[in-house]
Amino acid sequence: MPNTHAPPHAPADSAIQSLVDQAARTLNIRDDTVAVLRSNYRETSVQIPVRRDDGSMVVAHGHRVQHNGARGPYKGGLRYHPDADLTEVRALASLMTWKTSLLNLPFGGAKGSLQIDPAQFSRRELEALTRRLAISLSHVLGTHRDIPAPDVGTDARTMAWFMDAYSSRRGYSPAVVTGKPIELGGAPGRTAATGRGLAYVLGAFAQREGWDLAGRRIAIQGFGNVGSWVARELHLLGAHIVAVSDAFGGIHSSRGIDVAELLRTTSSGGSVTDTDSLDDRIASGDVLTVDCDILVPAALGGSVTADVAARVQAELVVEGANHPVTPDGDEVLRERGIPVIPDILANGGGVTGSYFEWTQNIQQFTWSEQQFSETLRERMTAAFAQVAEVAETRGVTLREAAYLIALGRVAHTVELRGYV
Ligand code: NAD
């Protein structure tokens with residue numbers, strides 16, 4: 001049975017929580033406001049029974065955690081992964097609150113999951129699971145209530161099923177999810193938005209520092225949606241992609257990998273290690289410590305530990321994934337003077353693109369990809385400028401500055417709305 005009345009829980013991720021607490025102290029935010037921000041508004045857990053193709057029954061578990069909605073409807077991805085339990089979803093939900101606030105989007109933060117390994121289910125079973133999940137959560141979702149999006153293990157096809165199931169109950173509602181296929185109200189440019197957004201933020205950083213990105217050597221961990229679009233965009237700017245990796249291994253070339261060939265190989269389902277080029281094969285993890293100028297971890301959380309951070313050769317780390325640098329790793333990078341552009345800024349292009357899709361659905365209007373990308377560039381560049389300004393004036397890291405801005409906005413709205 002749906003459980004929408006769970007007691008308030010503190011987001012479990014202590015790393016985010018300590019950043020939030022630190023920002024709250026710096027900003028002198030009232031204790032009662034902090035108490036609201038430390039807990040989730042609503043946690044919903046549902047059972048999702050499905051009949052498998054062989055006639056057996058599986059009961060999967062789904063979750064939706066809505067952290068804070070003071071600034072607008074809840075927004076956040078829907079992840080299909082066996083480890084995506086309530087603890088993980090709680091931490092990711094609060095991260096979304098800070099990300100949407102930092103990007104100044106009219107959204108709160110949420111995250112959802114279905115605890116399955118999608119690779120173990122047929123297409124029919126996945127569709128049945130998704131439809132059941134959409135119906136079971138429909139009472140807490142909605143165009144102006146909570147809007148899921150694809151995440152690890154889900155994609156545009158999942159969002160199409162989800163939207164269709166929700167609409168069958170509540171009437172045609174394309175804006176109830178983002179990341180849909182273009183034909184169903186998806187926005188041209190949304191797929192590229194996270195990688196492009198990261199490239200725009202990096203471009204703004206480079207301009208501020210007087211760097212020329214042309215000729216800079218980039219290493220990218222992960223070559224999925226985020227990593228591949230980062231490679232494509234930075235290659236277009238004249239940077240050399242010197243190392244990439246995926247779950248199967250990595251490749252390295254000090255003169256620069258042939259990005260077009262790499263994209264051809266991976267877009268047909270191959271690994272980066274399947275390219276025909278003569279680049280050196282390296283272990284997946286070694287991409288983090290190769291000789292390069294800029295490191296973009298865009299695969300997993302927690303990959304840049306203190307040990308890895310001590311061996312990073314890059315002058316700058318840009319977080320494409322969520323939480324790729326651990327708190328210990330962050331400390332080591334800080335001591336070594338290596339700046340980190342934090343996840344809530346660097347990969348915020350995805351949720352910003354989702355915002356554009358949502359507004360277009362509500363207006364029943366479409367933008368060209370060019371308009372989408374130009375508006376994305378403006379927003380990402382403006383967010384970077386604000387973060388860099390606060391970092392400089394307060395003498396803090398880019399991550400600390402990002403949390404100061406994000407937390408300050410949410411706290412102010414919580415107080416204005418009279419929650420406390
Ligand atoms: P994806 O599933 O498309 O790609 C993940 C990539 O990481 C794949 O190439 C996979 O092979 C690789 N990988 C997995 N394990 C690895 C390992 N041990 N070593 C090296 N590579 C490994 O995922 P994505 O959409 O590109 O997302 C990547 C990260 O960015 C995730 O942390 C996600 O939460 C975050 N993120 C994604 C978006 C988005 O819009 N896609 C937005 C914000 C944040």
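Is Ala 406 buried or exposed, and what is its relative accessible area? In this predicted model, Ala 406 is buried, at a relative accessible area of 0%. The points below begin with this residue and its surroundings.

1. Ala 406 belongs to helix H14, which spans residues 398–416. Beyond residues up to four places away in sequence, Ala 406 touches Trp 98, Ser 101 and Leu 102. The relative accessible area of 0% places Ala 406 under the 20% limit for buried residues.

2. **Thr 97.** Thr 97 is located in helix H3. With a relative accessibility of 2%, Thr 97 counts as buried. The residues that Thr 97 touches, leaving aside those up to four places away in sequence, are His 67, Asn 68, Gly 108, Gly 109 and Val 410.

3. **Ser 94.** Ser 94 is also placed in helix H3, which covers residues 86–102. Ser 94 is buried, and its relative accessible area is 2%. A polar atom of the Ser 94 side chain lies 3.4 Å from the backbone oxygen of Ala 91. **Domains.** The domain assignment of the chain gives domain 1 as residues 39–174 and domain 2 as residues 193–338. Taken over C-alpha atoms, the centres of domain 1 and domain 2 are separated by 29 Å.

4. **Surroundings of the ligand.** How many residues surround the ligand? There are 19, and the closest are Thr 194, Phe 223, Asn 225, Val 226 and Ala 247. A polar backbone atom of Val 226 is 2.9 Å from an oxygen atom of the ligand. An oxygen atom of the ligand also lies 3.5 Å from a polar side-chain atom of Arg 79. For Asp 246, a backbone N or O atom lies 3.5 Å from a nitrogen atom of the ligand. On its own the ligand has 830 Å² of accessible area, and the protein covers 72% of it. Helix H7 (225–236) and strand E7 (240–246) are the elements that give two or more residues to the shell around the ligand.

5. **The two sides of helix H10.** Helix H10 comprises residues 327–335, and its buried residues are Gly 329, Val 332 and Leu 333. Viewed down the axis of H10, these buried residues fall within an arc of 100°, so they line one face of the helix. An α-helix has 3.6 residues a turn, so residues three or four places apart point the same way. The cover over the buried residues of H10 includes helix H9 (306–311), strand E11 (316–318) and strand E12 (340–341). Pro 327, Asp 328 and Glu 335 are exposed on the other side of H10. Just after H10, Gly 337 adopts a positive phi of about 75°.

6. Most residues other than glycine have a negative phi. Asn 28 has a positive phi, near 55°, although the residue is not glycine. Asn 28 sits in the loop between helix H1 (14–26) and helix H2 (31–37). Asn 28 is exposed, with a relative accessible area of 69%. Gln 364 is likewise a residue other than glycine with a positive phi, near 50°. The loop that holds Gln 364 runs between helix H12 (349–363) and H13. Gln 364 counts as exposed at 70% relative accessibility.

7. **Ser 373.** Where does Ser 373 lie? Its place is in helix H13, residues 369–394. Ser 373 is buried, with a relative accessible area of 10%. Apart from residues up to four places away in sequence, Ser 373 touches Arg 196 and Tyr 200.

Terms used. Residues are numbered from 1 along each chain as its sequence is written. This is a predicted model: local features need pLDDT of at least 70, side-chain atom pairs count only at pLDDT 80 or more; totals for chains, interfaces and linings use all residues. Side-chain values use heavy atoms; hydrogens and water are left out. Buried means under 20% relative accessible area, exposed over 50%, partly exposed in between (1.4 Å probe, protein chains only). Helices (H or I, at least four residues) and strands (E, at least two) are DSSP runs, numbered from the N terminus. The arc is that of the directions from the helix axis to the C-beta atoms. Contact means heavy atoms within 4.5 Å. Domain bounds come from an automatic or database domain assignment. A residue is near a molecule or strand if one of its heavy atoms lies within 4 Å of it. A polar contact is a pair of N or O atoms within 3.5 Å; within protein, one must be able to donate a hydrogen and the other to accept it, and residues adjacent in sequence count only if both atoms are side-chain atoms. Accessible areas come from the Shrake-Rupley method with a 1.4 Å probe; for residues, only the protein chains shown count as cover.
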